[in-house]
Amino acid sequence: MKIKKINTEKAPKAIGPYVQANKVGELIFCSGQLGINPETGKLVDGGVLEEAKQVFKNIQ
């Protein structure tokens with residue numbers, strides 16, 4: 001199967017030699033997601049719950 005790298009300006013840039021996600025067939029693989037606000041480049045305040053919410057916003 002072909003691997004397609006996924007990159008978007010709407011989510012934080014990958015840190016290091018990584019990609020934001022890979023698509024293989026109908027599956028999307030992403031790892032190491034952080035609760036970073038893409039507008040500020042900083043981790044969101046409020047603890048693990050707010051960070052998790054931000055991760056899902058970024059993935060969306």
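Three strands make up an open sheet here, in the order β1-β2-β3 and with antiparallel pairing. The edge strands are β1 and β3 (27-29), each of which pairs on one side only. On average, neighbouring strands of this sheet are turned by 25° against each other, direction ignored. Please keep in mind that this is a predicted model.

- As a bit of background, strands of a sheet pair through backbone hydrogen bonds, and they can do so in a parallel or an antiparallel way.
- Between β1 and β2 there are four bridges, and the pairing is antiparallel.
- To find a spot in this pairing, look for Lys 5, which stands opposite Asn 22 in β2.
- β2 and β3 are also antiparallel to one another, and three bridges join them.
- Here you can look for Lys 23, whose bridge partner in β3 is Ile 28.

- Helix α1 covers residues 48-59, and Gln 54 is one of the residues in it.
- Is Gln 54 buried or exposed? Gln 54 counts as buried, because its relative accessibility is 10%, and buried means under 20%.
- Leaving aside residues up to four places away in sequence, Gln 54 touches Gly 35, Ile 36, Asn 37, Pro 38 and Val 44.
- How many salt bridges does a search of the whole structure find? The search finds one.
- In this salt bridge the side chains of Glu 50 and Lys 53 meet, at 3.3 Å from N to O.
- In general, side chains of opposite charge can pair when their charged atoms come close.
- Both Glu 50 and Lys 53 lie in helix α1, three residues apart, which is about one turn of the helix.
- Glu 50 is partly exposed, with a relative accessible area of 31%.
- Lys 53 is likewise partly exposed, and its relative accessible area is 42%.

- Which residues make the nonpolar surface patch of about 310 Å²? The patch is made by Ile 15, Leu 34 and Leu 43.
- You will find Ile 15 in the loop between β1 (3-6) and β2 (21-24).
- Ile 15 is exposed, since its relative accessible area is 61% and exposed means over 50%.

- Gly 46 is found in the loop between β5 (42-43) and α1.
- With a relative accessible area of 63%, Gly 46 is exposed.
- Gly 46 and Lys 4 are 42 residues apart along the chain, and their C-alpha atoms are separated by 34 Å.

Note on methods
Residues are numbered from 1 along each chain as its sequence is written. This is a predicted model: local features need pLDDT of at least 70, side-chain atom pairs count only at pLDDT 80 or more; totals for chains, interfaces and linings use all residues. Side-chain values use heavy atoms; hydrogens and water are left out. Patches are made of residues with over 30% relative accessible area and no salt bridge: like charges are joined within 9 Å, nonpolar side chains (Val, Leu, Ile, Met, Phe, Trp, Tyr) within 5 Å. Accessible areas come from the Shrake-Rupley method with a 1.4 Å probe; for residues, only the protein chains shown count as cover. A salt bridge is a side-chain nitrogen of Lys or Arg within 4 Å of a carboxyl oxygen of Asp or Glu. Helices (H or I, at least four residues) and strands (E, at least two) are DSSP runs, numbered from the N terminus. Buried means under 20% relative accessible area, exposed over 50%, partly exposed in between (1.4 Å probe, protein chains only). Contact means heavy atoms within 4.5 Å. Two strands pair if DSSP finds at least two bridges between them. Axes are lines fitted to C-alpha atoms, for helices over the stretch in contact, and angles run from 0 to 180 degrees between N-to-C directions.
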